[in-house]
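Please read it alongside the sequence and the coordinates.

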Amino acid sequence: MKQFLIFVRKEFAHVLRDRKTLLILFGLPVVLIIIFGFALTNEIKNTKIIIVDYAKDLATQKLINKIESSPYFELEKSIRSHQEIEAAFREGKIKLAVVFPANFNTDLAHLHQAQLQIIADASDPNTANTLTNYLTMIVLDYQAELMQANQVPYRIIPETRMLYNPQLKGAPNFVPGVMALVLMLVCVMMTSISIVKEKELGTMEILLVSPFRPILVILAKAVPYLLLSLLNVITILLLSVFVLGLPIKGSILLLFAESTLFIITSLALGLLISVRTESQQTAMLISLMGMLLPTILFSGFMFPIENMPLPLQLISNVVPSKWYYQIVKAVMIKGLGFSAIWQETLILAGITIFLILVSLKNFKIRLA
Amino acid sequence: MRTLLFLLEKEFRQIFRNRTLLAIIIAVPVVQLLILPLAANYEVKNIAIALVDQDHSSYSQKLVSRITASGYFRLAGYNRSYKEAYQLIESDQADLVLEIPAGFERNLIRENQQELFLAVNAINGVKANLGGVYLSKIITDYNSDIRLQWLQPSRYNPIPLIEITSSNWFNPYLNYQLFMVPGILAMLVTMISGYLSALNIVKEKEVGTIEQINVTPIKKHHFILGKLIPFWILGFVTFTLGLLVAWLVYGITPAGNIGLLYAFLALYLLAVLGFGLLISTYSDTQQQAMFVAFFFIIIFALMGGLFTPIDSMPEWARAVVRFNPLSYFIDVMRMVVLRGSGFKDIQYHLGIIALFAVILNGWAMLNYKKTT
């Protein structure tokens, strides 16, 4: 035991000595929370649009005012003719154009029917779709106002309630994702690199010929990263509560227990990579390309899994961060208890045991 | 000049000797381009809806069949009470609940208006919002049909109606891959060139071979150029491979001039490689270089407009984006590949990237010291 503690101290010295890496390890969650919390949003705001108004009458003026006052759109300029639309799109700033034909108001008032055209730059189909929908809603809204004046019968009024996240903020969706991402990064990359580094520099041989049991050498390497990761979990939770104003609805104890389980899973993964690779560069690139991208892709926090083709959906089941992400979301945002997440926990535990067994089987105490 | 050629020979040998590295340079972009565009799909469809129909009238049934036939919604459950349906939301099996209260049909006809209750799981704000918008549109449509049934058809529309036609330019079939593939390719080229160049000089430091170079009469700029050129060429290889995949797998060919893309790439690679080398000169170990490079590249990727639109960002974030080289590359890729923009449209981007290249490489050269 005493020997083990000495080894842990050695590993801590290694970690603490490298100030730049340490700074990144603690800076990364802070920066990610700030970026995700304040900079990144799929909400559409301040989109620049142009309006071609051939009518220039009361109705179009009212509609334009309505469009301008919505938070989604920002009127870049009014142009005279629709021929200028394409050039404006090519410059790349404008995403949408609205064309009002001549006599808009007269048609609306007398024929009870008027037309307007929306042209979207669909190079980004999603934004185009959303923008068209928003603009349609504004027009429908205006139409409803006209209707109210005319007393329309048989009205169905949908009453919508947004559960869990009434202000439709992005935070509840990504905070669990950032947790999975950071833990994955710290545990997988750091452990695999630190073990392979000993191999590369030749110090592994010294450790292996010492009377200390080889498996304990590896365990001692994992301890500092386990603690660092828990510190990272605390940082992220503090930031999300105090900076993003996202309360933890469920049990904190349960959240920490599940996080510890996930950290152990990631450490096991790092261990597996390190026993299979010989150079730091390879270990880094494998953990980066092989672990981080799947975490971003398949955990479901950036892209909905149910939209993916079936083979990818099946692959997502073996990505541990997917399960961890679902657990954190259930405990932290929905405030559910263990009974709601026991299945996910069981799967995560199963993956962990599998990873540990495989890496132990591959662990060689003799070097070539 | 001769010194440079010898240095280049050395660098190329080192790269070709390392098989794993070569495999990564070639396989990673291809695999990523095959998987990423399929996975990175924001299209909102298959919204799981739980229905609570307490009316069981022909009206409520018609509304239900309209919703399920729209293509956006997938029926997750047909429940007897809201409580039952709410459990589906809790267990993530449903995204939203629509409750049609008892007396829906009767009230609508007799009292001229009737409420419907909608509860949306809003953890994913975008999905919730769009799901809500789609559903309201279906309900509005359904509503006007009912009105048509009950009102006397007259010569004019009884109520003022604005007809909206919408068209989608540059990508009429709303193909999401057309949008994602060029951006992802830009990100992959940046990642690979950035990491490799960041790891390069520092490896010589860690292994100790840099001392041997330092005692030779090799000039600083020769050394930096020798490190830069091989990765510059590799960047071209990666990019070309990516374009081939985009063409063969996704059928995407640039609408604009392909030469213009390569011209921009040539400048852009200089900037990214300069950035990598700069990190390398500041780091002591490969681990450190890797983490610093990763730190910046993930920020570049997240704030590059690849996954979320830059326009939606707040003022300060848009100011930060101006210092993000990747955002210019993604922008240019989308402009040239999708919209067929020409030299005049991207000259601003070219100028900025040239500035990045000069500053970053100059800085790296100044910071590389031949003495320790």
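Two strands count as paired if DSSP finds at least two bridges between them. In this predicted model, strand E3 (residues 96-100) of chain A and strand E4 (residues 113-121) of chain A are joined by four bridges and pair in the antiparallel sense. E4(A) is also joined to strand E5 (residues 161-169) of chain B, by nine bridges, and these two run parallel.

**Chain B overall**

- Chain B contains 14 helices and five strands.
- The C-alpha trace of chain B spans about 95 × 45 × 40 Å along its principal axes.
- Of the 372 residues in chain B, 45% are buried.
- Among the contacts in chain B with a separation of 6 or more, 78% are between residues 24 or more positions apart.

**The contact between the chains**

- Chain A puts 95 residues into the contact, and chain B puts in 92 residues.
- On the chain B side, the elements that each supply at least two residues include helix H2 (19-39), helix H4 (82-90), strand E4 (113-121) and E5.
- Helix H7 (176-207), helix H11 (286-302) and helix H13 (325-339) of chain B are also among them, as is helix H6 (125-150).
- H6(B) gives the most to this side, with 15 residues.
- By residue class, the side of chain B that touches chain A has 51 nonpolar, 29 polar and 12 charged residues.

**The sheet across the chains**

- What is the order of the strands in the open sheet? The five strands follow the order E2(A)-E1(A)-E3(A)-E4(A)-E5(B), and the pairing is mixed.
- Strand E2 (73-79) of chain A and E5 of chain B stand at the edges with a single partner strand each, so each has one side without a neighbour in the sheet.
- From one strand to the next, the twist averages 25°.
- Within chain A, A:Ala97 stands opposite A:Ile119 in E4(A).

- Which residues of helix H5 (residues 104-111) of chain A are buried? They are A:Phe104, A:Asp107 and A:Leu108.
- The buried residues of H5(A) line one face of the helix, because they fall within an arc of 95° when seen down its axis.
- These buried residues pack against helix H3 (58-69), E3 and E4 of chain A, together with E5 of chain B.
- H5(A) lies across E3 and E4 of chain A together with E5 of chain B, and runs at about 135° to E4(A).
- Just after H5(A), A:His112 has a positive phi of about 60°.

Technical notes. Residues are numbered from 1 along each chain as its sequence is written. Chains are lettered from A and ligands numbered from 1 in the order in which they are written. This is a predicted model: local features need pLDDT of at least 70, side-chain atom pairs count only at pLDDT 80 or more; totals for chains, interfaces and linings use all residues. A residue is buried if 20 or more other C-beta atoms lie within 10 Å of its own, exposed if 12 or fewer, and partly exposed in between; C-beta atoms are placed from the backbone. Two residues are in contact if their C-beta atoms, placed from the backbone, lie within 7 Å. Ala, Val, Leu, Ile, Met, Phe, Trp, Tyr, Cys and Pro count as nonpolar, Asp, Glu, Lys and Arg as charged, and the others, Gly among them, as polar. The arc is that of the directions from the helix axis to the C-beta atoms. Axes are lines fitted to C-alpha atoms, for helices over the stretch in contact, and angles run from 0 to 180 degrees between N-to-C directions.
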